Amino acid sequence: MESCTCEKCKGSCLKRPCWPTPRGAARIIEFGLGSRFMMDWWVADGGEEDILILVPALVGYVSEWAPSRPIGACTFYTDNGLCEIHGRLKPLEGQMVFSCLTGEDKVHGVCQKDLHEKIARTWDNDFARALTERWLAKRNLSLSGKPDTDMFSMFAML
Ligand code: SF4
């Protein structure tokens with residue numbers, strides 16, 4: 001199936017990268033594309049630790065921590081306006097918001113905030129933590145390098 005070319009989908013890819021589940025991210029790594037990720041995080045509610053999440057990198061942030069304002073074009077967004085990993089590797093958030101893989105009518109009415117948080121919470125387990133730890137270690141990145149959260153950017157992304 002070809003990547004979606006509607007303006008809403010393309011606009012989303014230029015606004016911020018969509019998020020995979022840990023299993024989806026592991027598949028992308030298996031295909032040799034792990035260096036195209038950046039390390040992002042979900043800001044936890046009071047008292048909990050932030051949840052680390054491997055996501056397609058913003059242009060300029062491959063194999064780095066996400067910036068505190070993670071807004072911009074996804075590295076998998078191609079010059080011809082398509083998703084380079086559309087198909088089996090496309091992150092679940094992108095699949096569900098756009099309905100690209102099902103071929104159904106577009107359902108842009110999906111609540112993006114709820115979906116974003118649900119995907120984030122799939123990273124709160126030992127499998128995901130091992131994945132993020134390995135990815136950071138391979139790049140000599142550490143938790144001390146994690147940027148502070150820009151709370152205003154969180155609202156801009158939704
Ligand atoms: S992975 Fe593909 S669908 Fe998701 S933001 Fe990047 S280009 Fe768009």
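Reader: Does Thr 149 count as buried, exposed or partly exposed, and why?

Author: This model is predicted, and burial in it is judged by counting neighbours, where 20 or more other C-beta atoms within 10 Å make a residue buried and 12 or fewer make it exposed. Thr 149 has 15 C-beta neighbours inside 10 Å, and therefore counts as partly exposed. Its place in the chain is the loop between H5 and helix H6 (151-157).

Reader: Which residues is Thr 149 in contact with, once its neighbours within four places in sequence are left aside?

Author: Under that condition Thr 149 is in contact with Val 43 and Ser 68. The C-alpha atoms of Val 43 and Thr 149 are separated by 7.7 Å, although the two residues are 106 apart along the chain. Trp 42 lies 107 residues from Thr 149 in sequence, with a C-alpha to C-alpha distance of 9.5 Å.

Reader: Where does Val 43 lie, and is Val 43 buried or exposed?

Author: Val 43 belongs to the loop between E1 and E2, and because it has 11 C-beta neighbours inside 10 Å, it counts as exposed.

Reader: How should I read the strand E1 itself, and which way do its residues point?

Author: A strand can be read by the direction in which each of its residues points, and by whether those residues are buried. In E1, Phe 37, Met 39 and Trp 41 point one way, while Met 38, Asp 40 and Trp 42 point the other way, and all of them are buried. Six of the six residues of E1 are buried, so this strand is largely enclosed by the rest of the structure.

Reader: How many bridges join E1 to E2, and do the strands run parallel or antiparallel?

Author: Six bridges join the two strands, which run antiparallel. Within this pairing, Met 39 stands opposite Leu 54 in E2, and Met 38 stands opposite Val 55. E2 is likewise largely enclosed by the rest of the structure, because six of its six residues are buried.

Reader: Which residues have the most contacts inside the largest nonpolar core?

Author: The largest nonpolar core has 31 residues, and those with the most contacts inside it are Met 38, Met 39, Ile 51, Ile 53, Leu 54 and Ala 120. At least two residues of this core come from each of helix H2 (22-30), strand E1 (37-42), strand E2 (51-56), helix H4 (112-121) and helix H5 (126-138). Leaving aside neighbours within four places in sequence, Met 39 is in contact with several residues, among them Leu 54, Trp 65, Trp 135 and Leu 141.

Reader: What pattern does the protein follow along the sequence?

Author: Read along the sequence, the pattern is α-α-β-β-α-α-α-α, with six helices and two strands in the protein. Among contacts between residues at least 6 apart in sequence, 65% join residues at least 24 apart.

Reader: What surrounds the ligand?

Author: The residues around the ligand include Cys 13, Cys 18, Cys 74, Cys 83 and Lys 90, and the whole shell divides into ten nonpolar residues, one polar and one charged.

Reader: Where does pLDDT stay under 50?

Author: Where pLDDT is low, the predicted coordinates should not be read in detail. Here pLDDT stays under 50 over residues 101-109, for which the model has ten contacts beyond four places in sequence. For the protein, the mean pLDDT is 85, and 78% of its residues reach 70 or more.

Key
Residues are numbered from 1 along each chain as its sequence is written. This is a predicted model: local features need pLDDT of at least 70, side-chain atom pairs count only at pLDDT 80 or more; totals for chains, interfaces and linings use all residues. A residue is near a molecule or strand if its C-beta atom, placed from the backbone, lies within 6 Å of it. Ala, Val, Leu, Ile, Met, Phe, Trp, Tyr, Cys and Pro count as nonpolar, Asp, Glu, Lys and Arg as charged, and the others, Gly among them, as polar. pLDDT is the predictor's confidence in each residue, from 0 to 100. Two residues are in contact if their C-beta atoms, placed from the backbone, lie within 7 Å. A nonpolar core is a set of buried Ala, Val, Leu, Ile, Met, Phe, Trp, Tyr and Cys residues joined through C-beta atoms within 7 Å. Helices (H or I, at least four residues) and strands (E, at least two) are DSSP runs, numbered from the N terminus. Two strands pair if DSSP finds at least two bridges between them.
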